[in-house]
Amino acid sequence: MRSSSKIAEPSENVIDEISSGLISAVAEANQGNARLRCTNLANPNPYDGVQLAEQIRAFRLAQALIKRSLDRHIADARRRQNALQPVNKLPAEVLSVIFHQFLTTVSIHNHFTSLFVIARVSARWKSVIDSTPSLWSFVSSTYPAVQVDRALQMSARTPISVACSFIGDVLTSTSKRGSRDFLRKMQSTGRQWAELTLHLPSIGHLRKVLEAPAPHVRKLDIEVAYPSSVSVDIFGGKRGVLEDVKLTTAWIIWDSEALTGLQILQLDYREAVEMGPTLREAFWLLQRSPRLRSFSCSGCFLQGSPNSMTVDTITLPHLSRLSLKGTSVLGASKVLASIHAPSCHHLVLHCRSEVGDTPLLSQLQRFVPSLKKSFKYAPISMCLGPSSFHYHHVPTDPDAPNNFDFKFEETKPYLLLDWFSRHLNGFNHPLPPINIRFDPRFDFTRDDSIFPALLRLKTTASVTIADRVVGPCRLLEWLSRRHGPPDSYLDRPFPQLKELEIGQSNLLVQDILDFVRSRYVEDSHGFPCARPPRLYALRLVGRGWQDESAEEDLKEIMIGAGFSVKRSSWVHVPCQINRDPLDESASNSDGSDESSFEDSETASEMVFSGTSESEDSEDDTVDE
């Protein structure tokens with residue numbers, strides 16, 4: 001709320017009169033002060049340096065008084081102005097709920113830093129915070145002792161959230177003693193625990209502390225760098241209350257009865273696959289979690305059960321999010337085959353397969369109806385590498401009802417492309433735009449069956465051909481070919497193609513010119529035929545595009561569209577996926593996960609601006 005009108009300044013005479021009045025008031029207040037040589041501070045002896053120094057002190061005092069008075073008036077005015085804001089008309093109870101909601105996005109270790117920032121906004125907000133004990137019910141081993149004591153005092157008798165963390169990968173005697181003493185101190189307060197977070201090198205030394213009854217813990221987050229040789233019963237005394245459990249490389253006893261109320265379960269054993277649950281243990285966990293809403297497992301399931309193991313169907317009526325990352329195809333397919341989740345609309349699968357035809361496809365068939373419902377929320381992206389296939393349909397809006405992200409490491413990725421293209425083409429429903437990327441070392445000469453699969457993807461809007469692709473001329477030749485009657489362009493490959501980015505891959509500018517002419521300008525056989533709509537953007541990237549004549553011809557054909565030649569090394573970025581807000585380990589796991597699926601990038605990220613770039617760019621960049 002700002003005013004655009006300018007406030008006029010008073011005259012210098014008025015300002016001098018006000019200053020003189022304040023100096024006179026200071027002088028009058030100091031009459032009879034035996035400690036001053038100057039008897040009249042408003043009119044000292046101009047030849048006495050001591051009296052002049054005392055007058056300067058009087059001026060500074062008057063300056064401080066003026067500032068103090070003005071600051072007080074400004075604060076009063078701001079307080080009245082803030083009271084007019086809509087947010088300050090909310091009841092204190094509503095404000096405290098808003099503060100709670102914001103602070104849930106902050107880790108316990110940074111809780112009070114954010115809380116103090118909120119308290120500094122206004123006196124009313126500080127008053128609301130001070131009068132809401134639950135906003136203070138967070139303690140961490142990283143806090144100073146004074147801060148811990150203040151949190152325990154201000155939180156009254158509300159259940160507390162406890163976090164214990166020590167930096168470093170080595171469990172020293174200091175960190176052992178410090179973590180044990182901190183947790184024992186929290187237990188000695190007699191307070192109920194609502195949440196427990198442990199981020200330590202290992203937790204074996206805390207076995208007795210963790211086995212102590214804590215019947216009110218609802219959220220548990222344990223992350224260790226190195227699994228302990230001593231298994232820990234972290235669920236001891238917490239039966240039937242836990243709602244949110246996240247375990248990272250923690251070696252625990254998997255025979256607890258504490259999961260009947262569980263809603264969110266996140267397991268991450270990518271750094272210690274030998275410590276993860278077996279398939280039998282995973283099924284045991286799911287069978288005892290009837291209220292489960294989200295299940296995430298990263299890392300291979302241990303082969304503690306025979307491959308022929310059969311499990312009765314596990315019905316999870318509330319499960320809406322299912323994520324399996326870094327698992328084998330056998331493990332993922334058995335989990336999917338055993339789960340009946342009619343409400344599941346968010347599915348993430350990152351699997352590795354050593355066989356040509358994966359058994360996982362028959363299980364994915366069950367999720368195809370939900371796949372159809374998600375089309376109106378985001379474009380489809382497909383990335384094909386030499387031994388990987390990535391399909392993802394993840395809206396940027398986290399509240400969108402359907403998210404699907406499939407990533408496979410497969411010796412024959414075109415088989416997966418064929419499966420997805422058949423199902424997408426079989427829907428009696430308009431498809432969203434499709435973005436396709438061919439990653440480095442993808443081989444077009446390996447198998448011709450890829451082209452019939454691509455032909456089914458009629459709504460393809462963007463194609464990226466990375467550098468070091470094998471046989472890209474075959475794709476360009478196929479894109480130029482007719483696959484139907486000459487009077488309709490809809491039977492051509494990718495009739496809605498609008499954007500094309502091409503790495504050099506031993507191509508010449510003349511090859512691109514021949515492709516553009518054949519597809520968009522003239523028929524190579526001399527027959528009249530309908531042409532697809534012109535490209536909106538064509539971008540060539542690579543240091544070897546060196547044919548000025550062909551380049552000028554391309555510029556003439558592409559007038560009105562975005563055409564650019566960027567003469568620099570191709571920069572390959574691993575695929576970036578919209579993070580699942582429930583998968584909090586994404587920020588720590590993306591690096592390891594992406595390295596396992598090297599040379600894969602989401603095509604939807606290759607968005608063209610429609611403007612030409614500098615033709616002489618010499619950025620010395622390399623593949624990442």
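Guide: Let us begin with a word we will need throughout: a residue is called buried when its relative accessible area is under 20%, exposed when that value is over 50%, and partly exposed in between. Please keep in mind that this is a predicted model.

Cys164 has a relative accessibility of 0%, so Cys164 counts as buried. Cys344, at 4% relative accessibility, is buried too. If you hope to find a disulfide, the structure holds zero of them.

Now to the interior itself. In soluble globular proteins, nonpolar side chains tend to be buried together. Here the largest nonpolar core has 133 residues, and the members that touch the most other members are Phe438, Leu454 and Leu538.

Leaving aside residues up to four places away in sequence, Leu454 touches Leu417, Ile436, Phe438, Leu475, Trp478 and Phe494. Two of those neighbours, Trp478 and Phe494, also meet each other. To see how, turn to the rings: a search of the whole structure finds 16 aromatic pairs. One of the pairs is Trp419 with Phe420, an edge-to-face arrangement with 4.9 Å from centre to centre and 80 degrees between the planes. Trp419 has a relative accessible area of 15%, so it is buried, and Phe420 is buried as well, with a value of 1%. Trp478 and Phe494 form another edge-to-face pair, with 5.6 Å between centres and 80 degrees between planes. This pair links distant parts of the chain: Trp478 belongs to helix α15, while Phe494 lies in the loop between α15 and β17 (499–503), and the two are 16 residues apart. Both Trp478 and Phe494 are buried. If you follow the ring pairs onward, they link Phe438, Phe442, Phe444, Phe451, Trp478 and Phe494 into a cluster. You have met Phe438 already, as one of the core residues that touch the most other members.

Arg437 is buried, because its relative accessible area is 0%. The side chain of Arg437 has a partner: a polar contact of 2.7 Å joins it to the side chain of Asp439.

Helix α9 shows how a helix can take part in packing. In α9 (residues 279–287), the buried residues are Leu279, Ala282, Phe283, Trp284, Leu285 and Leu286. They pack against several elements: β6 (264–268), β7 (294–298), β8 (314–315), α10 (329–338) and β10 (339–340).

For contrast, let us finish with two loop residues. Ala156 sits in the loop between α6 (145–154) and β2 (160–165). With a relative accessible area of 39%, Ala156 is partly exposed. Its phi is positive, about 55 degrees, although Ala156 is not a glycine. Arg468 is found in the loop between β16 (460–465) and α15 (472–480). Arg468 has a relative accessible area of 36%, so it too is partly exposed. Its phi is also positive, at about 70 degrees, and Arg468 is not a glycine either.

How values were computed: Residues are numbered from 1 along each chain as its sequence is written. Side-chain values use heavy atoms; hydrogens and water are left out. Buried means under 20% relative accessible area, exposed over 50%, partly exposed in between (1.4 Å probe, protein chains only). A polar contact is a pair of N or O atoms within 3.5 Å; within protein, one must be able to donate a hydrogen and the other to accept it, and residues adjacent in sequence count only if both atoms are side-chain atoms. A disulfide is a pair of cysteine sulfur atoms within 2.5 Å. A nonpolar core is a set of buried Ala, Val, Leu, Ile, Met, Phe, Trp, Tyr and Cys residues joined through side-chain atoms within 4.5 Å. Contact means heavy atoms within 4.5 Å. Helices (H or I, at least four residues) and strands (E, at least two) are DSSP runs, numbered from the N terminus. Rings of Phe, Tyr and Trp (its six-membered ring) pair if their centres lie within 6.5 Å; planes under 30 degrees apart count as stacked, over 60 as edge-to-face and the rest as tilted.
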